[in-house]
Amino acid sequence: MTAALPARTRRQSAAWVASDYWEMAKRSLRHIRHDPEQLVNVTLQPVLIVVLMDLLFGGAIKTGTHSSYINFVMPGILVIAAAFAAVTTTISVAADMGEGVIDRFRTLPMAKSAVITGHIIADLARSLVGLAVAIAAGYVVGFRPAAGPGRWAAAVAVFLLVTLALSLLAALIGLLGRSVEVAQQLAAVIIIPIFFSSAFVPADTMPSWLRVVTANQPVTQAVDTLRALLLNQPLGSHPWLTLTEFGGIVAVAFTLATIMFRRTASV
């Protein structure tokens, strides 16, 4: 009987922490009612990018063996949707830090990590909305993936991993920014790597010096993985590199964000 008590206590503690995470996630999602602009990043912007890529660049950019440019570029647009959702996390975390909300939460009997984790969970939910909107817009302009249910499930899993990594980076940037405005400017760090990847054009069309950087960065691996999954192409080593690199980003960003949050919240 005595041996069962610690296990029960651990289960209760885990349940309380999960409840705190869920309450903070609901808090972040409720903010959308008061600030509908949060949905612009994950709905309107992906649609505009889909239309822009198809109408302006679709007839001019050749992608080799791909049937159409929209089929080639859609995986990159999905990563952009995840990045735009992450920017919302940066702003939300920075706003919490600047408005002193964190100090009030510190006085409550709750898991302190729930504040950041709540923003991350809400970001994953917003990203799924952006994913659905971007794919729907892609279908309207001619996106025709060849993936079966298994590859679609794998593509969504990869998308969520990328979103989680970018959201943690966004939370870290939000903690580093001294104000919402500064944090929003720093959030460009999340967006810029997408433009130096294979998201819009094949890496082998770039100058050799740039190709070395582009072909070996995490965003390219994620985009190439999504492209292979959705277009039913050979996967190669891209999935394993994506899991390794973005898994590493998640581990490092989570550790740094936790340390930074504790230090900032204790000031």
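Close-up 1. Being 3 residues apart in helix α5 (residues 114-141), Arg-126 and Asp-123 are separated by about one helical turn. Their side chains meet in a salt bridge, 3.9 Å from N to O; the term stands for a side-chain nitrogen of Lys or Arg within 4 Å of a carboxyl oxygen of Asp or Glu. Side chains of opposite charge can pair when their charged atoms come close. Arg-126 and Asp-123 are both buried, and Asp-123 counts as such because its relative accessibility is 0%. Here, buried means under 20% relative accessible area, exposed means over 50%, and partly exposed lies in between (1.4 Å probe, protein chains only). Asp-123 also lies 8.2 Å from Leu-164, C-alpha to C-alpha, although 41 residues separate the two in sequence.

A word on what you are looking at: this is a predicted model, in which local features need pLDDT of at least 70 and side-chain atom pairs count only at pLDDT 80 or more, while totals for chains, interfaces and linings use all residues. Residues are numbered from 1 along each chain as its sequence is written, and side-chain values use heavy atoms, with hydrogens and water left out.

**Close-up 2. The whole chain, for orientation.** The protein chain has 11 helices and 0 strands. Helices (H or I, at least four residues) and strands (E, at least two) are DSSP runs, numbered from the N terminus. Of the 267 residues in the protein chain, 45% are buried.

**Close-up 3. Arg-227 with two partners.** How many salt bridges does a search of the whole structure find? The search finds 2, and this view shows the one between the side chains of Arg-227 and Asp-224, at 3.1 Å from N to O. Both residues belong to helix α10 (residues 218-230), where they stand 3 residues apart, about one turn of the helix. Arg-227 and Asp-224 are buried. Look for Phe-72 as well: the charged end of Arg-227 sits over the Phe-72 ring, 3.7 Å from the ring centre. A charge sits over a ring if NZ of Lys or CZ of Arg is within 6 Å of the ring centre and within 35 degrees of the ring normal.

**Close-up 4. The largest nonpolar core.** In soluble globular proteins, nonpolar side chains tend to be buried together. In this model the largest nonpolar core has 58 residues, and those with the most contacts inside it are Ile-77, Leu-78, Ile-194 and Phe-200. Such a core is a set of buried Ala, Val, Leu, Ile, Met, Phe, Trp, Tyr and Cys residues joined through side-chain atoms within 4.5 Å. Two or more residues come from each of α2, α3 (69-99), α5, α6 (149-176), α8 (188-195), α10 and α11 (238-265). Helix α3 gives the most, with 15 residues.

**Close-up 5. Aromatic rings side by side.** The count comes to 3 aromatic pairs. Rings of Phe, Tyr and Trp (its six-membered ring) pair if their centres lie within 6.5 Å; planes under 30 degrees apart count as stacked, over 60 as edge-to-face and the rest as tilted. One of the pairs joins Tyr-139 and Phe-143 edge-to-face, with 5.9 Å centre to centre and 65 degrees between the planes. Tyr-139 is partly exposed because its relative accessibility is 36%, whereas Phe-143 is buried, at 1%. Another pair, Phe-195 and Phe-200, is tilted, with 5.5 Å centre to centre and 35 degrees between the planes. Phe-200 counts as buried, at 11% relative accessibility.

Close-up 6. Val-51, Leu-52, Leu-55, Leu-56 and Phe-57 make a nonpolar surface patch of about 450 Å². Patches are made of residues with over 30% relative accessible area and no salt bridge: like charges are joined within 9 Å, and nonpolar side chains (Val, Leu, Ile, Met, Phe, Trp, Tyr) within 5 Å. Accessible areas come from the Shrake-Rupley method with a 1.4 Å probe; for residues, only the protein chains shown count as cover. Phe-57 is found in helix α2 (residues 44-57), and at 33% relative accessibility Phe-57 counts as partly exposed.

**Close-up 7. Asn-232 in a loop.** Where is Asn-232? It is found in the loop between α10 and α11. Most residues other than glycine have a negative phi. Asn-232 is not a glycine, yet its phi is positive, about 55 degrees. With a relative accessible area of 48%, Asn-232 is partly exposed.
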